Amino acid sequence: MGYLLYIFYFLLFCFLIHRVKIFTSTGLDGKLLIVFFLVRIVCSFLNSYINLYHYPFSDTRAFHEQGVIEFNLLVHDPKEYFTNIFRSNYEDYSGFMESSHSFWNDTRTNVIAKILSIFNIFSGKNFFINTLFFNFLVFAGSAYLYKFFVRIFPLRPRLVTCCVFLLPSVIYFTSGIHRDGLIFLSLCILFYNLYFVIVQRQFHLKSLFLVFASLSLILLLRNFVFITLVPILIAWFFSTRSFKYPLFSYLMTLGLSSVIFFATSLIPGFINLAQHVSTKQAEFIELGKLGESSMEINTLYPSFKSFLLNAPQAINHSLMRPYVFEKFSLLYLPLAIEMFAYQIIILLALFFSRKIASERSTLYMS
């Protein structure tokens with residue numbers, strides 16, 4: 001029965017891709033979009049298999065189990081279902097940046113569990129059907145992202161199509177039931193609608209609502225992404241108002257944000273952001289020891305000097321690794337090859353890219 005239900009929903013989503021405005025407004029052929037959706041679904045099976053059978057514990061499995069618990073609450077105790085997300089299981093609602101024993105930290109799981117509980121109404125609590133629903137939502141994000149980038153590169157629609165729909169790591173890491181997919185969806189909706197608000201200066205109620213909703217979801221799922229995103233969006237806004245010098249606006253805004261970041265340690269009773277980043281790193285190192293992908297990381301202290309000295313290693317880890325010649329699990333080899341390809345493309349772009357003066361402010365942001 002589960003197989004037939006899965007096929008039914010897959011065909012339904014293919015039909016919707018041909019009919020729903022989010023997809024039809026891209027201008028792409030519906031059959032091509034279905035091919036891209038099918039690629040995502042194949043990746044979701046691979047992602048699910050690895051998370052369910054390769055790792056002894058995975059967030060994906062935990063999210064599914066929590067979603068079943070919430071579904072049972074919805075059926076048997078609706079009052080608890082509709083109120084528990086607003087109630088803290090701890091002494092108070094403090095600890096906005098804490099990694100444990102914090103209401104705000106728990107929201108990243110609770111939000112996904114609530115979404116899955118709704119999916120369970122239609123899927124019969126089937127993990128793979130829920131994954132299909134999840135991927136349809138995320139695929140809508142890809143459509144928004146395409147419409148965003150095709151406005152910046154109107155003469156390169158095929159290149160934009162490949163970059164949006166066919167980047168292997170993006171497809172893989174957003175195809176499983178996890179926060180990454182919802183963050184991706186939120187960012188795509190945010191950038192597309194903010195483009196009209198900031199660049200085109202079109203203040204439609206729908207766009208403003210979607211901006212607010214996407215920012216709220218990012219805040220609930222990963223508050224540190226929200227905090228990092230805010231100064232970038234502010235810089236984007238000011239750069240569009242100084243057309244001749246957009247890069248200067250970014251440097252000034254991000255420089256001021258850095259000063260505020262370190263100055264929070266001097267404000268009594270305020271969140272010491274540098275200390276929290278240092279604490280997050282220590283917790284991440286301890287968590288990494290439990291897995292197979294940990295690597296040596298220099299200790300980060302809550303000071304400007306320590307952040308400055310650690311910057312080269314941070315850039316190396318985020319933009320260069322994993323190297324293709326490193327010894328690691330075969331699961332990381334495709335990612336290493338993809339990362340190497342990006343590095344080559346970036347080098348080529350530095351020498352052969354064409355300047356798009358009218359969209360430089362948006363390019364710096366993205």
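Predicted model: local features only at pLDDT ≥ 70, side-chain atom pairs only at ≥ 80, totals over all residues.
Begin by selecting Cys188, which at a relative accessible area of 2% is buried. Cys188 is also one of the residues of helix α10 that take part in the contact with helix α7, so the next selection follows from it. Show α7 as residues 127–152 and α10 as residues 179–199, and look along the pair: the two helices pack at an angle of about 30°, with their axes 8 Å apart, and their crossing is left-handed. On the α7 side, display the side of the contact that includes Phe134, Leu137, Val138, Tyr144, Leu145 and Phe148, and on the α10 side residues including Leu182, Phe184, Leu185, Ile189, Phe191 and Phe196. Coloured by class, the residues of this contact divide into 16 nonpolar, 4 polar and 2 charged.

Now select the cysteines, bearing in mind that the structure holds 0 disulfides. For Cys43, the closest cysteine sulfur belongs to Cys162 and lies 15 Å away, which is too far for a bond; Cys43 is itself buried, with a relative accessible area of 19%. Returning to Cys188, draw a distance to the sulfur of Cys163, its nearest cysteine sulfur, and the value is 13 Å, with Cys188 in no disulfide.

Finish at Ser306, found in helix α15, which spans residues 304–319. Ser306 is buried, because its relative accessible area is 6%, and, leaving aside residues up to four places away in sequence, Ser306 touches Thr299, Leu300 and Tyr301.

Note on methods
Residues numbered from 1 in each chain as written. Heavy atoms only, no water. Axes fitted to C-alpha atoms, helices over the stretch in contact; angles between N-to-C directions. Helix = DSSP H or I, 4+ residues; strand = E, 2+ residues; numbered from the N terminus. Left-handed = near helix turned anticlockwise from the far one by under 90°. Contact = heavy atoms within 4.5 Å. Nonpolar A, V, L, I, M, F, W, Y, C, P; charged D, E, K, R; others polar. Buried < 20%, exposed > 50% of the residue type's maximum accessible area, 1.4 Å probe, protein only. Disulfide = S-S within 2.5 Å.
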